[in-house]
Amino acid sequence: MSSKIIKDSIHGYITLDETFSYIIDSPEFQRLKYIEQGSFRVLYPAARHDRFIHSLGTYHLACKFAQNFIQNIQEDLNINLDKVKIEIEEVQKTFYYAALLHDIGHAPFSHTSEKFFKRKTESDGSSISINMQLCNAVFSIAEENEAERFKQEFEDCSPSPHEIMSATILINNADNFLRDMKDKFDLELAARMVIGCTYDYNSQEEISKEEKLFLGIKNCFIRLLNSDTVDVDKLDYITRDTRMSGFDNVSIDIERLVRSVTAIRLENEEWIYPAFRKNALSVIDNVFRAKTEQGLWMVSHPIVLYDSELLSYCIHRLDSLVGHDYISNVFSIDALGQKGVTVNGKKYRLLSDIDISADLRTFYEKEELFRELYERQTRRHPIWKSYYEYKYLFKSEKNTNTEEDVFVFFKGLMDYMKDSEIFVLCDESLEKILENDQVSKNVKEAAFFLKSFCENNNIKLNFALLPSTNSFSPKFNAESVYILFAKLPDRNGKNYETYNFIKESGSNEDKHRMFYLYSQEKFSKEQIESFKETIINHVERINKKMPRP
């Protein structure tokens, strides 16, 4: 099989050699064509892109970053890697493999349903966690001491479920994906790259400078794929999501970042960490801003949030309606692959959005909320549509904490509804809440408040309440983004600084908790004003009697 050249609307031409072109032709990788990239189409109908092309884009950036990284660190750190050329090439190939397959384990509807990847039910009725599935995969290919170290360091990580599944699949399917080239790749390292699990420097015994450098390079590549800093995965999805949706976001000069990627040695340390040369500072600014804007106006948008939570609720209902441990069997590694699983007489293999959508439509007439997935006319509408509107409504000049107080007042109710799988607060669900002696006083008080408000304003009690945290900073750790000032005098004995120092406040701004209230009946301006005044007065009366949590 020859190499492939694929035209991408974001990065231009993407070239894959024979090894990687074979992987993308596999059924497991082709499955990603039927997994939507995000949940944005409910808001931006043009955002029709999938995990398939995102994976190719991440692979493409990984190739460009790796080549420049190796070249730049030799110049900036004054090192010669000729003695470990073969080993470095293996790490680079492993980086490409991990980048290509970093999303191979994604669930249908991407992040919305990945939480259902929790446990796999075995034929004997027992179950095994996805964490243990990954550890078992690593033990099958690594030396015992390496596998034990992986298991220990994995416990200190907090990867998402789809990352754990992807890491497991890239190991378990290596024979099929890589064939006779399998020995040219470090599969344990590839798994670490996908889940963002770096080698613990503090646990290393006395090793030589050369070994420290090589281990540091491995950790740099792990961070260049999955980290809380700037990595190739983020760069592709920020650029792709915003451009494909039509959202007018900040432009990111990826080529400038590619050329500037390097590494630094921290003060009083011999270990190295990924960094960027100072000429990329303007681009890093844009990366932070673009991620912030995407989170605020796309990911956290009330319409996107509502659609995702509604879909999640409906999948939960399928578990009851279909039975046969629907979720634990369908959301499993076997269902993602060619082997598949059979649930209630139906075969699920190469699981995708299509399969779950078909199951939901089976109960279309029976379940009102299932119909709401497909009927826009019945959707509930958010009373306020952003954090800024929430702040405008509930920020009180008398009490600087009012907006937080309002959130706290309803938080118990929202948590209870989620735990009890109640999506809509209506007369029926309210009665169950008020009659349940196990329900706390705070939950009942918030529910009864909404009931009273509706009665006083001639509004039908039919609400969805969904919590949201709007952060005015992206999910980056500005203290971990290093900027190299190689051609300037050292400052306090070092030639680098963190992005947080450069920006002074960086990404340490507070997160603001809030929630959205959705109603089938649209509120008038007067009704919104009434709700605002009523709830503010209510929480202020409460706070006079007891301190705010």
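One cut-off before I start: an angle between axes under 35 degrees counts as roughly parallel, and one of 65 to 115 degrees as roughly perpendicular. Please also keep in mind that what you see is a predicted model.

The helix pairs come first. Take helix α6, residues 144-154, and helix α9, residues 187-195. Their axes cross at roughly 5° and come within 12 Å. With the limit for parallel at 35 degrees, α6 and α9 are therefore roughly parallel to each other. Which residues of α6 and α9 meet? On the α6 side they are E146, R149, F150, E153 and F154, and on the α9 side E188, R192 and I195. By class, that contact has five charged residues, three nonpolar and no polar.

An α-helix has 3.6 residues a turn, so residues three or four places apart point the same way. You can follow that on the screen with E146, R149, F150, E153 and F154, the α6 residues in this contact.

Now the pair α5 and α7. Helix α5 is residues 130-139 and helix α7 is residues 161-172; they pack at an angle of about 25°, and their axes are 9 Å apart. That makes α5 roughly parallel to α7 as well. The crossing of α5 past α7 is left-handed. From α5, the contact uses I130, N131, Q133, L134, A137 and V138. From α7, it uses P161, I164, M165, A167, T168, I171 and N172. Sorted by class, the residues of this contact are nine nonpolar, four polar and no charged.

In α20 the residues are F409, F410, G412, L413 and Y416, and they meet V443, E445, A446, A447, F449 and L450 in α22. The class count for this contact is nine nonpolar, one polar and one charged.

D8 lies in strand β1, residues 4-8. Is D8 buried or exposed? D8 is buried, at a relative accessible area of 3%. Its side chain reaches the backbone nitrogen of H11 at 3.1 Å. Not counting residues up to four places away in sequence, D8 touches I14, I53 and R240.

Q294 is in helix α13, residues 281-299. The relative accessible area of Q294 is 1%, so Q294 is buried too. What does the side chain of Q294 make a polar contact with? The partner is the side chain of D241, at 3.1 Å. Setting aside neighbours within four places in sequence, Q294 is in contact with Y237, I238, D241, T242, F247, N249 and V299.

L77 is a loop residue, between α3 and α4. At a relative accessible area of 13%, L77 is still buried. Its contacts, again leaving out residues up to four places away, are A263, I264, R265 and I272. L77 and I272 are 195 residues apart along the chain, yet their C-alpha atoms are separated by 9.3 Å.

Last, two backbone angles. S110 is not a glycine, but its phi is positive, at about 50°. S110 is in the loop between α4 and β3, and at 1% relative accessibility it counts as buried. D325 also has a positive phi, near 50°, and is a residue other than glycine. D325 is in the loop between α14 and α15. Is D325 buried or partly exposed? At 47% relative accessibility, D325 counts as partly exposed.

Conventions. Residues numbered from 1 in each chain as written. Predicted model: local features only at pLDDT ≥ 70, side-chain atom pairs only at ≥ 80, totals over all residues. Heavy atoms only, no water. Axes fitted to C-alpha atoms, helices over the stretch in contact; angles between N-to-C directions. Helix = DSSP H or I, 4+ residues; strand = E, 2+ residues; numbered from the N terminus. Parallel < 35°, antiparallel > 145°, perpendicular 65-115°, else oblique. Left-handed = near helix turned anticlockwise from the far one by under 90°. Contact = heavy atoms within 4.5 Å. Nonpolar A, V, L, I, M, F, W, Y, C, P; charged D, E, K, R; others polar. Buried < 20%, exposed > 50% of the residue type's maximum accessible area, 1.4 Å probe, protein only. Polar contact = N/O pair within 3.5 Å; in protein donor to acceptor, adjacent residues only side chain to side chain.
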